Amino acid sequence: MTKAATGIKIIVDNRKARFDFIIEDTYEAGLELMGSEVKSIRAGQVNLKDSYIAFVNGQAFLQKAHISIYTPSSYNNHAPERLRKLLMHREELDKIERKITQQGYTCVPTKLYFKNGRIKLEVGIAKGKLKGDKRDSIKNREHDREMARARSRK
């Protein structure tokens with residue numbers, strides 16, 4: 001978990017989404033959460049690995065995001081993979097929905113973080129990478145590591 005000077009503390013970063021997709025545009029969204037979910041997120045018990053954003057009747061929902069059960073909450077707990085409504089401006093929702101109706105585009109969560117005490121989700125409009133693109137990503141990452149090692153040896 002890192003903390004920047006702007007009051008942002010990253011809880012989880014969806015690195016798999018950045019590997020599998022080319023993120024073209026990002027938006028910030030709030031989440032409609034239960035109390036036990038907030039406590040679990042504060043404890044860092046969240047996974048965005050295979051999650052995505054789906055639209056139902058003009059509303060955006062986070063699907064397949066796993067927020068673990070908060071055990072001290074006992075009977076007031078939440079379902080770990082329930083639908084969670086995204087809180088965004090209508091213009092942003094319409095813009096994202098128009099974009100993902102085009103062929104090849106999808107909407108994925110890229111980061112979950114605290115911003116001034118509130119939980120925010122960074123949502124990215126993405127296009128899937130081909131197998132060759134993924135290989136290029138791996139090759140570039142390894143090249144950058146080698147360059148960093150060479151610089152640190154000097």
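In this predicted model, strands β5 and β7 pair in the antiparallel sense over 2 bridges. Within this pairing, F61 has K85 in β7 as its bridge partner.

Strand β7 also meets strand β2. Antiparallel to each other, β2 (residues 21-31) and β7 (residues 84-87) are joined by 2 bridges. The bridge partner of G30 in β7 is L87, and that of L31 is L86. The residues of β7 divide between two faces: R84 and L86 belong to the covered face, whereas K85 and L87 belong to the uncovered one.

On its own side, β5 (residues 59-63) is joined by 5 bridges to β4 (residues 52-56), and these two strands run antiparallel. In this pairing I53 is set opposite L62 of β5. The two strands form a hairpin with 2 residues between them. In the turn, N57 has a positive phi of about 50 degrees.

| Strands | Bridges | Direction |
|---|---|---|
| β4 and β5 | 5 bridges | antiparallel |
| β2 and β7 | 2 bridges | antiparallel |
| β5 and β7 | 2 bridges | antiparallel |

**The sheet as a whole**

Strands of a sheet pair through backbone hydrogen bonds, in either a parallel or an antiparallel manner. Here an open sheet is formed by 7 strands, in the order β1-β8-β9-β2-β7-β5-β4, with antiparallel pairing. Its edge strands are β1 (8-13) and β4, each of which pairs on one side only. From one strand to the next, the twist averages 45 degrees.

**Helix α2 against the sheet**

Helix α2 (residues 35-42) packs on the sheet and touches β1, β7, β8 (105-115) and β9 (118-128). The direction of α2 makes about 80 degrees with that of β8.

Which residues of α2 are buried? They are S36, E37, S40 and I41. These residues lie on the same side of α2 because they cover an arc of only 140 degrees around the axis. An α-helix has 3.6 residues a turn, so residues three or four places apart point the same way. On the other side of α2, G35 and R42 are exposed. The cover over the buried residues of α2 includes β1, β6 (66-67), β7, β8 and β9. After α2 comes G44, with a positive phi near 80 degrees.

I125 belongs to strand β9. Is this residue buried or exposed? I125 counts as buried because its relative accessible area is 4%, and buried means under 20%. Neighbours within four places in sequence aside, I125 is in contact with I22, I23, E24, D25, Y27, I96, K99, Y105 and T106. K49 is 76 residues from I125 along the chain, and the C-alpha atoms of the two are separated by 16 Å.

As for pairs of aromatic rings, a search of the whole structure finds 0.

Conventions: Residues numbered from 1 in each chain as written. Predicted model: local features only at pLDDT ≥ 70, side-chain atom pairs only at ≥ 80, totals over all residues. Heavy atoms only, no water. Pairing = 2+ DSSP bridges. Helix = DSSP H or I, 4+ residues; strand = E, 2+ residues; numbered from the N terminus. Phe/Tyr/Trp six-rings, centres within 6.5 Å; stacked < 30°, edge-to-face > 60°. Axes fitted to C-alpha atoms, helices over the stretch in contact; angles between N-to-C directions. Contact = heavy atoms within 4.5 Å. Buried < 20%, exposed > 50% of the residue type's maximum accessible area, 1.4 Å probe, protein only. Arc of directions from axis to C-beta.
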